Structures are given as structure tokens and as C-alpha cells.
Amino acid sequence: MSHRVVVVGAGFGGLFAIKALRRADVEITLINGTAYHLFQPLLYQVATGILSEGEVAPPIREVLRRQENVDVRLGWVRDVDVEAKIVSVAGPGIDYTVPYDTLIVAAGASQSYFGNDEFADHAPGMKSIDDALELRARIFGAFEVADLHTDPETIERWMTFVVVGAGPTGTEMAGQIAELAHRTLRGQYRHIDSRKARILLVDAVGTVLNTFGDQLSAKAEKQLDKLGVEVRTNTKVVAVDSTGIEVETIGGEAAGHRERIPTMTKVWAAGVAAPALAGRLAAATGAKTDRAGRILVEPDTSLPGHPEIFVLGDMMNLAGADGKPLPGVAQVAIQSGRHAAGQIKRRLSGKETGQPFRYFDKGSLATISRFSAVASIGKLHLSGFSAWVVWVAVHLFYLVGFKNRVTAVLHWFVSFLGRGRSERVATQQQAFARQAIRAYGDPFRRAEAERVEAERVEAERAEAKRSAAQRTATGADQATTQAR
Ligand SMILES: Cc1cc2nc3c(=O)[nH]c(=O)nc-3n(C[C@H](O)[C@H](O)[C@H](O)COP(=O)(O)OP(=O)(O)OC[C@H]3O[C@@H](n4cnc5c(N)ncnc54)[C@H](O)[C@@H]3O)c2cc1C
């Protein structure tokens with residue numbers, strides 16, 4: 001029997017590890033919570049109507065159709081029995097287990113609301129296709145509703161958009177909402193002027209794109225200003241509800257100053273946390289986790305005392321050359337995936353293993369609007385059109401699937417050369433499903449709760465039967481004793 005490799009997660013880490021094992025004598029089982037691989041860096045373009053969801057989320061089966069040593073299975077891995085080497089999975093309506101010889105866990109990161117999970121109801125994050133489609137519905141819907149009102153305050157509330165988090169995702173999102181309001185929607189409404197939309201970008205830190213260095217941060221801020229985005233740095237979000245957001249100034253003379261911004265559309269692009277699986281895996285193996293729940297891995301990305309388990313990408317905490325934890329970016333996931341695959345191949349061919357993973361930083365990119373981006377590539381710092389060309393080339397290179405690359409280019413032509421956006425459709429269900437799930441329960445979680453309840457009832461019945469049998473036996477014994 002070939003060596004069994006189970007891969008949890010079909011993101012960048014999992015997918016690139018699998019591709020690197022293409023010719024290895026292994027049987028791979030890939031378990032992913034969705035049937036598609038998600039190219040997260042372009043999610044904001046789905047939310048703002050430039051790309052369709054299919055273009056950033058190709059079916060995993062199709063991506064791996066030619067790799068015969070992979071079995072793709074749908075489901076959420078709930079737990080890992082590290083002694084028995086088995087993962088337990090909750091699929092839609094069916095639970096199952098999968099045994100492994102080597103386990104690769106690359107389950108990514110989820111949105112963190114820094115302990116205020118109730119904010120999610122009013123300020124969707126940007127982590128999934130569901131998030132992006134909900135935001136699309138809310139953003140385009142806000143203009144539609146504003147057009148129906150006559151009260152100026154109500155119109156302003158619908159036409160104010162607040163993006164929380166001025167990292168690459170938040171900056172790109174704010175830039176795109178501004179372009180949408182000023183270019184795409186211009187002249188399409190009879191009662192409102194879409195160009196009057198107010199777009200705010202809020203962050204607790206002092207600069208936008210703060211990991212890009214002072215020079216590029218300043219350039220990005222200038223480009224945002226040109227687009228009409230109000231940047232509020234040193235500003236912390238303290239409350240979020242359906243009709244507004246409350247912010248507080250950090251530091252300086254205005255420290256502690258609070259302000260309520262009336263807005264119906266909020267986007268949360270701040271903070272990440274490791275998924276629950278990371279905590280369970282750490283508890284099972286004795287590995288340590290950091291404040292965000294990421295697992296502290298060995299230099300080769302395996303878990304301490306468990307050379308057969310690798311943790312990759314956004315889920316791992318591993319210090320880079322500068323001593324700081326490697327960032328949660330696609331290249332870290334891709335390169336750590338390839339490294340883990342290399343370790344497995346070495347082990348199978350009897351070679352020495354344990355070589356440390358060395359991350360090669362290829363640079364950072366963020367677009368602000370059409371034809372305008374910032375790029376930090378080694379010592380090279382680019383901004384404006386040249387950075388945007390690099391951005392287009394890199395994203396096309398890494399976008400999975402030839403068809404997706406072709407259609408993405410066509411959509412970019414429509415949006416960047418013209419004014420249109422081809423993907424403005426959003427259904428009512430996309431806009432309101434979050435509230436419905438909150439009110440009526442997540443069907444998957446409900447199924448799990450029902451199963452747990454059924455098991456409890458079954459255990460109670462078995463216990464009652466056992467006690468009854470014991471009582472009967474004791475009664476019989478007593479009767480026998482009395483008879484004697
Ligand atoms: C909006 C956004 C924009 C970004 N932009 C950039 C960018 O411009 N450049 C850049 O370098 N990086 C960017 N990133 C970060 C980058 O996408 C991540 O660093 C990268 O995707 C991490 O890869 P991963 O394999 O660790 O996890 P992911 O790509 O997140 O993949 C994790 C996979 O695991 C699955 N999964 C999770 N839990 C389970 C479970 N229990 N059972 C089964 N499957 C599970 C998920 O469904 C998912 O498919 C962005 C991220 C976001 C959210």
C-alpha cells in the first residue's frame with residue numbers, strides 16, 4: 001500500500017503541496033470544506049462587481065483532474081486523533097473518518113472581530129465567497145435604496161460606506177467602492193448623484209498599508225485621497241450596529257474622542273484568527289499557539305514531537321529571517337506547501353529530513369484603483385501605473401485555470417478601460433442569509449447538534465436498558481437466595 005497523505009484545506013498551501021507530490025508514490029486524500037479553491041486576493045473584485053465568483057473559485061476536482069493520486073472529499077475536518085492517525089470529518093449530512101500516515105493541515109485563517117463577534121451581523125468580513133456576494137448585495141443595494149428616499153439624512157446614511165482595516169484588502173475595497181460610485185454608477189440614478197457617496201477607510205494603526213513602508217504608505221494615502229476616500233488612521237472601532245458605527249481616536253490631542261458615523265454599509269477587513277481546528281490540533285499534540293491561535297511549528301513546519309504532521313500557511317507561526325512571524329500571505333502558504341511536500345518525498349526515499357523552511361519574500365502588491373497600485377519588491381518600490389502592470393501580471397500568473405485567466409482579462413477590460421461592471425447581480429438570499437442563519441441556525445451545525453442529541457438519547461436508552469437488566473438480574477439473584 002502506498003503512503004497515505006491526508007491534506008486538510010485546498011487553499012494555496014494545500015494545493016501547492018499536492019501539486020508538488022504529483023509524481024510521488026503516495027495516495028493523497030484532500031479534504032476541503034468547500035468544493036472549490038478560493039483565490040482570496042481577488043475577492044474584493046467579486047464584492048464590487050468586476051469578477052464573477054466562478055472566476056476566483058475553480059472547482060478543486062477540475063483543477064486536480066489530471067493528478068490521479070488525489071481523492072477529493074468534501075467536508076470540514078473536526079478533529080484529529082494523533083495516536084490512531086485518523087481525522088474525523090463532518091460532511092453535509094454525513095460524518096466520516098480518514099486514516100493517514102502523513103497529515104498536512106493548511107486550513108487558513110478566519111476573520112477576527114477581536115472578541116466582538118456580534119459586529120459580523122452588520123459588518124461582513126472578506127474571507128469567503130458568501131462574504132463577497134453578501135457585500136456585493138449590500139453595496140449595490142445601498143445605492144438602490146438611497147435612490148428611493150427623499151430625506152437627506154437617510155440618503156446620506158445609505159450612501160456612506162465604511163471599510164474597517166487599512167491593510168491591502170481594506171485599501172483595495174475602499175478604492176473600488178470609490179471607483180464604483182464615481183465612474184460605474186455615475187449618471188445611472190435619477191434621484192441621487194452616486195458621486196456624492198462618502199467612503200471612509202478606518203484603522204487603529206497610524207498609516208494605510210503599514211507593512212509597505214513609509215514611502216509607499218504615503219503614496220497610497222495620496223492616491224486614496226485623489227479618489228475621494230476619507231482615511232481615518234489612529235481610529236478604533238468601538239461599536240457597530242445596523243445603522244452606524246462608533247469610532248474612537250487613539251493618541252494625540254483628540255485621544256478618546258468618540259464619534260458616531262451613520263452608515264448602512266460596513267465592511268470588516270481587519271484581523272485574522274486561526275480556525276478552531278488549530279486549537280484542537282494543538283491540544284492533541286501539545287503544540288503551542290500564539291495570540292491569534294496560530295500553531296508554533298518546528299523549523300521544517302512539522303509539529304513538535306510529530307514529524308508526520310505538517311501545518312502550513314496562515315495557520316502556522318514560524319519566525320522568518322528577521323525573527324518576526326512570517327506574514328499571512330499567499331507566497332508563504334505556497335512555499336511552505338512545496339517544502340512540506342519535499343520533506344515527505346525525502347522521507348519516502350530514505351533521505352535525511354528536518355531541513356528548515358526558508359521563505360523567499362517576492363514582495364508585496366496592492367492596487368488602489370484602475371491603473372494605480374503600489375509594489376514593494378526587494379529594494380524596488382513602485383507606485384502608480386508601473387506597479388499596476390506588475391499587479392495584473394502577478395495575479396494572472398497565480399489565478400488558477402486558463403479559462404479563468406481569459407475571462408478575468410475580459411472583465412478587467414470592461415471595468416478598467418470602460419466604465420462597466422459585468423457582475424452586478426445579487427439575490428435577496430445573498431443579502432439576508434447571514435441574518436436567517438443567525439435566526440434559524442446553520443443547517444450544518446444544526447445537523448451536528450441533532451446528531452449529538454440523538455447520541456445522548458441513545459446513550460440514555462442503553463443506560464436505562466442496562467440498569468433494568470441489572471435490576472432484573474439482582475432481583476433474580478435475591479429470589480434465588482430467598483428460595484435457598
Ligand atoms: C480578502 C483577502 C485578500 C488577500 N489578498 C492577498 C494578496 O493580495 N496577496 C497575498 O499574498 N495574500 C493575500 N491574502 C492572503 C492569502 O490569501 C492567504 O495568506 C492564503 O490564502 C493562505 O493560504 P492557506 O493555504 O494557508 O489558507 P487558505 O487559502 O485560506 O485555504 C484554507 C482552506 O482550508 C479550508 N478549510 C478550513 N478549515 C477547514 C476544515 N476544518 N476542514 C476542511 N477544510 C477546511 C478552506 O475551505 C480553504 O479552502 C488575502 C486574503 C484575503 C482574505
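This is a predicted model: local features need pLDDT of at least 70, side-chain atom pairs count only at pLDDT 80 or more; totals for chains, interfaces and linings use all residues.
**Entry 1, domains.** I began with how the chain is divided, and I found domain 1 (3–33 + 75–109 + 274–348), domain 2 (117–270 + 370–424) and domain 3 (441–483). I then looked up the C-alpha centres of domain 2 and domain 3, which lie 57 Å apart.

I turned to the ligand and noted 35 residues around it, of which Gly9, Gly11, Gly13, Gly108 and Gly313 come nearest. The elements that give two or more residues to this shell are helix H1 (12–20), strand E2 (26–32), strand E4 (76–81), helix H7 (168–184) and helix H10 (330–348). When I sorted the shell by class, I had 20 nonpolar, 13 polar and 2 charged residues. I also checked the shell against the domains, and at least three residues are drawn from each of domain 1 and domain 2.

I followed strand E12 (residues 235–241) into strand E13 (residues 244–249), and the two form a hairpin with 2 residues between them. Their pairing is antiparallel and runs over 6 bridges, and for Asp241 I found Gly244 in E13 as the bridge partner.

I looked next at an open sheet of 3 strands, which stand in the order E21-E22-E23 with antiparallel pairing. From one strand to the next the twist averages 5°. Between E21 and strand E22 (residues 372–377) I noted 5 bridges in the antiparallel sense, with Leu365 opposite Ala375 in E22.

Notes
Residues are numbered from 1 along each chain as its sequence is written. A residue is near a molecule or strand if its C-beta atom, placed from the backbone, lies within 6 Å of it. Helices (H or I, at least four residues) and strands (E, at least two) are DSSP runs, numbered from the N terminus. Ala, Val, Leu, Ile, Met, Phe, Trp, Tyr, Cys and Pro count as nonpolar, Asp, Glu, Lys and Arg as charged, and the others, Gly among them, as polar. Domain bounds come from an automatic or database domain assignment. Two strands pair if DSSP finds at least two bridges between them. Axes are lines fitted to C-alpha atoms, for helices over the stretch in contact, and angles run from 0 to 180 degrees between N-to-C directions.
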